[in-house]
Amino acid sequence: MNRRTTALSASVALAAALALTGCSSSSEGSADGKPDLQVSGAFMPQPVMDMAGGFLTIKNDGGTADKLTSVTSTISDDVTIHETKNQKMQQVKSFDIPANGELKLARGGNHIMFMELKKKPKQGEKVSIELHFEKSDPIKVDLPVEAANHNPQQH
């Protein structure tokens, strides 16, 4: 009875956490040794030119690492992933998402880059993207467009 109650409590807590974050998740659970990815904190600062950045966190509750290999969006045909090292931006082929860890894409660090925007989204709109991984199924995410100077780490 106690083990069953604990398992039920864990299931309810997981379902509540996924519902609260309002995120997509791959259907694989960590029990089968596959990555278990959730996305949170996604946003795009309102672009001032014909390019924009995208930021989010991918949490992996699975026991297997994965890689973010690409991002696609209808807003741009040229979406790339960049790392920032020594204050220099450079395109990379993938980002590691460690087992039981997370990948943070944030201002001043690693990020998604949207070049030659087909239209400039305004604050309050959402930009749909699809994250592609080495092992997991793609995850669709809506990036809320925030003020150009929005930085959640300041709050």
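**Notes on a predicted fold**

1. Glu-116 sits in the loop between strand S8 (111–115) and S9. Keep in mind that this is a predicted model. Phi of Glu-116 is near 45°. That is a positive value, and the residue is not a glycine. Is Glu-116 buried or exposed? Glu-116 counts as exposed because its relative accessible area is 60%, and the cut-off for exposed is over 50%.

2. Gln-87 is another residue to check. Its phi is positive, about 60°, although Gln-87 is not a glycine. Look for Gln-87 in the loop between strand S4 (78–85) and strand S5 (88–92). Gln-87 has 80% relative accessibility, so it counts as exposed.

3. Now the overall layout. The secondary structure comes to one helix and ten strands. Along the sequence, the pattern reads α-β-β-β-β-β-β-β-β-β-β. Helix H1 covers residues 2–21. Strand S1 covers 37–45. Strand S10 covers 139–146.

4. How confident is the prediction? The average pLDDT of the chain is 84. A score of at least 70 is reached by 77% of the residues. Over residues 3–30, however, the pLDDT is below 50. That stretch still has 26 contacts in the model beyond near neighbours in sequence.

5. Next, the chain as a whole. It has 155 residues, and 38% of them count as buried. Its accessible surface comes to about 9,200 Å². Carbon and sulfur atoms account for 51% of that surface. What share of the contacts between residues at least 6 apart in sequence joins residues at least 24 apart? The share is 66%.

6. Leaving aside neighbours within four places in sequence, Ser-136 is in contact with Pro-35, Leu-37 and Asp-66. With Asp-66 there is also a polar contact, side chain to side chain, at 2.6 Å. Ser-136 and Asp-36 are 100 residues apart in sequence, but their C-alpha atoms are 8.0 Å apart in space.

7. Compare Lys-34. It is in the loop between helix H1 (2–21) and strand S1 (37–45). Lys-34 has 41% relative accessibility, so it counts as partly exposed.

8. Glu-130 belongs to strand S9 (residues 126–133). Its side chain makes a polar contact with the side chain of His-132, at 3.4 Å. Beyond four places in sequence, Glu-130 is in contact with Ser-70, Val-71, Thr-72, Pro-138, Ile-139 and Lys-140. Val-71 is 59 residues away along the chain. The C-alpha atoms of Glu-130 and Val-71 are separated by 5.6 Å.

9. Last, the largest pocket. Its volume is about 220 Å³. Which strand gives the most residues to its lining? Strand S2 (residues 52–60) does, with three. The lining includes Ala-52, Gly-53 and Phe-55. Among the other lining residues are Pro-45, Gln-46, Pro-47, Val-48, Met-49 and Met-51. Arg-107, Met-113 and Ala-148 line the pocket too.

Terms used. Residues are numbered from 1 along each chain as its sequence is written. Side-chain values use heavy atoms; hydrogens and water are left out. Helices (H or I, at least four residues) and strands (E, at least two) are DSSP runs, numbered from the N terminus. A polar contact is a pair of N or O atoms within 3.5 Å; within protein, one must be able to donate a hydrogen and the other to accept it, and residues adjacent in sequence count only if both atoms are side-chain atoms. Contact means heavy atoms within 4.5 Å. Buried means under 20% relative accessible area, exposed over 50%, partly exposed in between (1.4 Å probe, protein chains only). Accessible areas come from the Shrake-Rupley method with a 1.4 Å probe; for residues, only the protein chains shown count as cover. pLDDT is the predictor's confidence in each residue, from 0 to 100. On a 1 Å grid over the protein atoms alone, a cavity is a set of points where a 1.4 Å probe fits but cannot get out, and a pocket is an open set with protein on both sides within 12 Å along at least five of seven lines; lining residues have an atom within 4 Å of a point. Grid points are joined across faces, edges and corners, and a volume is the space filled by probe spheres set on the points.
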